[in-house]
Amino acid sequence: MTRFNRREFLGGCAAMAVAGGPAYAEEDDLRALGLSRPLIAIETPELGIADLQGDIHRLDDYRGKTVIVSFWAAWCPPCRKELPTLARLRRQLGSDDFAVLAVNAGDREDRIRAFLEGIDSDGLIVLADTKRTLSGTWFIKGLPVTYILNRSGQAVLTAIGDRIWDSPRMIAAIRSLG
């Protein structure tokens with residue numbers, strides 16, 4: 001009888017989940033992951049804000065990619081839990097067909113930087129909406145809130161509250177949207 005260790009078994013399950021692709025895009029599977037269609041349509045979502053290096057990011061810069069836009073704040077405990085999973089998701093997906101943008105909603109730049117030093121944020125594109133100019137356009141009423149945009153730039157899914165973005169099922173579901 002062949003025996004598998006737990007790591008090999010889980011690795012195989014993860015590989016099968018990723019290989020499964022479109023099966024995870026079913027409505028029930030998305031709902032089980034905490035993803036749903038936005039309650040209010042964002043007609044023309046926009047960014048137009050700078051990252052921590054001062055470069056302005058517009059959604060048109062990401063046309064042709066599936067884009068995850070997550071709104072967070074340094075004072076938000078669920079954000080502290082969620083942001084490292086977004087950074088790992090970004091590293092797992094790569095940047096050819098996907099983009100993960102973490103939009104800080106309202107903190108000063110020094111507070112954002114101090115927050116990021118305490119978590120795994122490697123590879124994450126962090127934008128600073130210090131004046132909360134996007135809150136109304138994106139219907140941000142609490143944090144964290146995440147939108148997934150299709151390759152045409154339309155918000156097709158949303159998650160309110162924290163999620164584990166780097167789980168094998170979540171990665172497979174996001175890949176299947178592309």
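**Exercise 1. Which residues line the largest pocket, and which strands supply at least two residues of this lining?**

The model is a predicted one, in which local features need pLDDT of at least 70 and side-chain atom pairs count only at pLDDT 80 or more, while totals for chains, interfaces and linings use all residues. Residues are numbered from 1 along each chain as its sequence is written, and side-chain values use heavy atoms, with hydrogens and water left out.

Step 1. On a 1 Å grid over the protein atoms alone, a pocket is an open set of points with protein on both sides within 12 Å along at least five of seven lines, whereas a cavity is a set of points where a 1.4 Å probe fits but cannot get out; lining residues have an atom within 4 Å of a point.

Step 2. The lining of the largest pocket consists of Ser-36, Arg-37, Pro-38, Leu-39, Ile-40, Phe-139, Lys-141, Gly-142, Val-145, Tyr-147, Thr-158 and Ile-160. Strands β6 (145–149) and β7 (155–160) each supply at least two of the lining residues, where strands (E, at least two residues) and helices (H or I, at least four) are DSSP runs numbered from the N terminus.

Step 3. Sorted by class, this lining has seven nonpolar, three polar and two charged residues; here Ala, Val, Leu, Ile, Met, Phe, Trp, Tyr, Cys and Pro count as nonpolar, Asp, Glu, Lys and Arg as charged, and the others, Gly among them, as polar. The space in the largest pocket comes to about 230 Å³, a volume being the space filled by probe spheres set on grid points that are joined across faces, edges and corners.

**Exercise 2. Describe the order of helices and strands in the protein chain.**

Step 1. The protein chain has five helices and seven strands.

Step 2. Along the sequence they follow the pattern α-α-β-β-β-α-β-α-β-β-β-α.

Step 3. Of the 178 residues of the chain, 44% count as buried, which means under 20% relative accessible area, with exposed being over 50% and partly exposed in between (1.4 Å probe, protein chains only).

**Exercise 3. Which residues touch the most other members of the largest nonpolar core?**

Step 1. A nonpolar core is a set of buried Ala, Val, Leu, Ile, Met, Phe, Trp, Tyr and Cys residues joined through side-chain atoms within 4.5 Å.

Step 2. The largest such core holds 54 residues, of which Trp-72 and Trp-138 touch the most other members. Elements that each supply at least two residues of this core include β3 (66–72), α3 (77–93) and α5 (168–177), and β4 gives the most, with seven residues.

Step 3. Contact means heavy atoms within 4.5 Å. Leaving aside neighbours within four places in sequence, Trp-138 has contacts that include Ile-42, Pro-45, Val-69, Phe-71 and Leu-149.

**Exercise 4. Are Val-69 and Val-100 buried or exposed?**

Step 1. Val-69 is found in strand β3 and is buried, with a relative accessible area of 0%. Not counting residues up to four places away in sequence, Val-69 touches residues including Leu-101, Val-103, Trp-138 and Leu-149. Although Val-69 and Leu-149 are 80 residues apart in sequence, their C-alpha atoms are 7.8 Å apart in space.

Step 2. Val-100 is found in strand β4 and counts as buried because its relative accessibility is 2%. With neighbours within four places in sequence left aside, Val-100 is in contact with Ile-68, Leu-86, Leu-89, Arg-90, Leu-124 and Ile-125. The C-alpha atoms of Val-100 and Leu-86, which are 14 residues apart along the chain, are separated by 7.2 Å.

**Exercise 5. Which residues are joined by a cis peptide bond, and which non-glycine residues have a positive phi?**

Step 1. Most residues other than glycine have a negative phi, and most peptide bonds are trans.

Step 2. A cis peptide bond joins Leu-143 and Pro-144, with omega of about -10°, and Pro-144 lies in the loop between β5 and β6.

Step 3. Arg-132, not a glycine, has a positive phi of about 55°; its place is in the loop between β5 and β6, and it is partly exposed, with a relative accessible area of 36%. Phe-139, not a glycine, has a positive phi of about 60°; it lies in the loop between β5 and β6 and is partly exposed, with a relative accessible area of 33%.
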